[in-house]
Amino acid sequence: TVFQGVRVNYSHQVHAVTIGPDSMLYVNIGDGLQSQTAQNLNDLRGKILRMTRDGQIPADNPIPGSYIYAYGFRNPFGATFRPGTSDLYISDNGPNVDDRIVKVAPGSNYGWCCNMQQGALITFNPTVAPTAMTFMPPGLLDAVFDNRLFLTFSGPTYDSGPANEKGKQIWSFAMDDTGGISYSNLFIYYVGQGFGTCVGLAPGDDGLYFT
């Protein structure tokens with residue numbers, strides 16, 4: 001155990017755990033279904049945390065003596081670093097509007113509660129429950145997908161049947177020179193009749209893998 005003690009609920013809890021290019025550990029933690037926690041700097045819920053791999057607080061964290069790297073998040077599922085940069089991107093689920101993708105700046109406030117548009121690169125309406133995300137290394141898919149950001153839309157967890165506008169899809173996002181989003185494309189979608197949703201995503205040696 002390298003880290004413990006954050007109070008959680010049945011949802012909005014610990015999500016992505018990511019190792020950054022600085023070899024530090026980044027941890028997404030939701031607001032625990034208590035929205036006021038996201039703005040409370042004495043509470044680690046609703047935050048992105050940064051720590052050493054053995055759970056210590058780095059001396060260069062933006063808030064001295066705190067694990068908090070950024071705050072003001074509702075339910076941040078996915079996380080990934082853009083290759084060749086120190087830029088952290090996260091997906092954050094909104095209440096019934098304004099799911100979002102955020103490029104995280106150290107020490108910044110991203111508005112929850114109750115502004116989900118603050119700092120958003122893009123918002124999703126209707127909500128699509130964005131979950132896992134990853135950047136695609138060159139050479140694994142067609143060249144048009146090199147360095148694109150891929151994101152899963154989980155959607156309503158227990159809906160059966162094919163993909164719809166709210167979920168069971170994977171999208172790709174082209175990035176501009178500033179790290180913003182220039183355009184997006186639907187990559188793959190579910191055509192079956194089951195209850196499955198898409199929640200995990202990772203590049204492999206020969207393409208894109210998802211669960």
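Colleague: Which strands form the open sheet, and in what order?
Modeller: Four strands form it, in the order β5-β6-β7-β8, and the pairing is antiparallel. Strands here are DSSP runs of E with at least two residues, numbered from the N terminus. Two strands pair if DSSP finds at least two bridges between them.

Colleague: Before we go on, where does the model come from, and what are the ground rules?
Modeller: It is a predicted model: local features need pLDDT of at least 70, side-chain atom pairs count only at pLDDT 80 or more, and totals for chains, interfaces and linings use all residues. Residues are numbered from 1 along each chain as its sequence is written, and side-chain values use heavy atoms, with hydrogens and water left out.

Colleague: How many bridges join β6 to β7?
Modeller: Five. β6 covers residues 88–92 and β7 covers residues 99–104, and the two run antiparallel. Ser91 stands opposite Ile101 in β7.

Colleague: And what holds strands together in general?
Modeller: Strands of a sheet pair through backbone hydrogen bonds, either parallel or antiparallel.

Colleague: What about Thr123, where is that?
Modeller: Thr123 lies in strand β8. Its relative accessible area is 29%, so Thr123 is partly exposed. The cut-offs: buried is under 20%, exposed is over 50%, partly exposed is in between (1.4 Å probe, protein chains only). Thr123 and Val97 are 26 residues apart in sequence, and 8.3 Å apart in space, C-alpha to C-alpha.

Colleague: Switching to cysteines. How many disulfides does the count come to?
Modeller: One disulfide, where the rule is a pair of cysteine sulfur atoms within 2.5 Å. Cys113 and Cys114 form it, with their sulfur atoms 1.7 Å apart.

Colleague: Where do those two sit?
Modeller: Cys113 is in the loop between β7 and β8. Cys114 is in the loop between β7 and β8 too.

Colleague: Buried or exposed, Cys114?
Modeller: Exposed, because its relative accessible area is 56%. Cys113 is partly exposed at 30%. Cys198, at 8% relative accessibility, counts as buried.

Colleague: What are the peptide bonds like around there?
Modeller: The bond from Trp112 to Cys113 is cis, with omega near 5°. A cis peptide bond also joins Cys113 and Cys114, with omega about 20°.

Colleague: Next, backbone angles. What is phi at Asn147?
Modeller: Near 65°, a positive value in a residue other than glycine. Asn147 is in the loop between β9 (130–135) and β10 (149–153). Asn147 is partly exposed, with a relative accessible area of 39%.

Colleague: And Lys168, what's its phi?
Modeller: Near 60°, positive again in a residue other than glycine. Lys168 is in the loop between β10 and β11 (169–175). Its relative accessible area is 7%, so Lys168 is buried.

Colleague: Last topic, the surface. Which residues make the nonpolar patch?
Modeller: Val8, Val14 and Val17 make it, and the patch is about 240 Å². Patch residues have over 30% relative accessible area and no salt bridge, and nonpolar side chains (Val, Leu, Ile, Met, Phe, Trp, Tyr) are joined within 5 Å, like charges within 9 Å. A salt bridge is a side-chain nitrogen of Lys or Arg within 4 Å of a carboxyl oxygen of Asp or Glu.

Colleague: Where is Val14 found?
Modeller: In strand β1 (residues 14–19). Val14 is partly exposed, with a relative accessible area of 40%.

Methods
Areas by Shrake-Rupley, 256 points an atom, 1.4 Å probe, with all protein chains shown as cover.
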